[in-house]
Amino acid sequence: MATVSLTGASKEDAATVFGVLRTAFPTDRPADDVPQEQPGDHSAVWSAEFEPTQEWIPADPIPLEGSVSATLQGDYVAVDQLFEALSTAFTVDHSGAASGDQEEEVDLRLTTKR
């Protein structure tokens, strides 16, 4: 399992990103579970767990309204597979990473492919 956390995005963009990952990999969230806005001035953080597999269906490029900050956290293979899946649908820029013995955490910025 790997965790994907999204920030700095509209609920629509968060739903788009999770939709791409949900199409590619099993998740802990039901299909009808979509990101919801929370009242107040707090920044929203949406997260879900995915079980990356060797075989997945690549997505066509999908537009986003703005940029999305994504943090991928899990074992090295799972994070690499999530990164590959996101790269098929969006332009992905690395903004940071931290590695350990068994896990890594990668910070990304997702935007619409041009």
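Where is the place of P30? P30 sits in the loop between α1 and β2 (45-50), where helices (H or I, at least four residues) and strands (E, at least two) are DSSP runs numbered from the N terminus. This is a predicted model, in which local features need pLDDT of at least 70 and side-chain atom pairs count only at pLDDT 80 or more, while totals for chains, interfaces and linings use all residues. Residues are numbered from 1 along each chain as its sequence is written, and side-chain values use heavy atoms, with hydrogens and water left out.

**The helix pair**

- Helix α1 (residues 11-24) and helix α2 (residues 76-89) have axes that come within 10 Å and cross at roughly 120 degrees; axes here are lines fitted to C-alpha atoms, for helices over the stretch in contact, with angles running from 0 to 180 degrees between N-to-C directions.
- The two helices, α1 and α2, are therefore oblique to each other, given that angles under 35 degrees count as roughly parallel, over 145 as roughly antiparallel, 65 to 115 as roughly perpendicular and the rest as oblique.
- On the side of α1, the contact is made by V17, V20, L21 and A24, and on the side of α2 by L82, A85, L86 and A89, contact meaning heavy atoms within 4.5 Å.
- Sorted by class, this contact of α1 with α2 has eight nonpolar residues, no polar and no charged ones; Ala, Val, Leu, Ile, Met, Phe, Trp, Tyr, Cys and Pro count as nonpolar, Asp, Glu, Lys and Arg as charged, and the others, Gly among them, as polar.

**The salt bridge**

- The structure holds one salt bridge, a term for a side-chain nitrogen of Lys or Arg within 4 Å of a carboxyl oxygen of Asp or Glu.
- The partners are R109 and D93, whose closest N and O atoms are 3.7 Å apart.
- Because R109 lies in strand β5 (residues 104-112) and D93 in strand β4 (residues 90-99), the pair ties together parts that are 16 residues apart in sequence.
- R109 is partly exposed at 39% relative accessibility, and D93 is likewise partly exposed, with a relative accessible area of 35%; buried means under 20% relative accessible area, exposed over 50%, and partly exposed in between (1.4 Å probe, protein chains only).

**Strand β5 and E105**

- E105 is found in strand β5 and counts as partly exposed at 29% relative accessibility.
- Not counting residues up to four places away in sequence, E105 touches T71, L72, Q73, G96, A97 and A98.
- Between E105 and V79, which are 26 residues apart in sequence, the C-alpha to C-alpha distance is 7.9 Å.

- P30 counts as partly exposed at 47% relative accessibility, and its C-alpha atom is separated by 31 Å from that of R114, 84 residues away along the chain.
- Q54 has its place in the loop between β2 and β3 (68-74) and counts as exposed, at 67% relative accessibility.
- From Q54 to F25, the spacing is 29 residues in sequence and 9.6 Å in space, C-alpha to C-alpha.
- E12 belongs to helix α1 and is partly exposed at 40% relative accessibility, while E12 and A2, 10 residues apart in sequence, are 22 Å apart in space, C-alpha to C-alpha.
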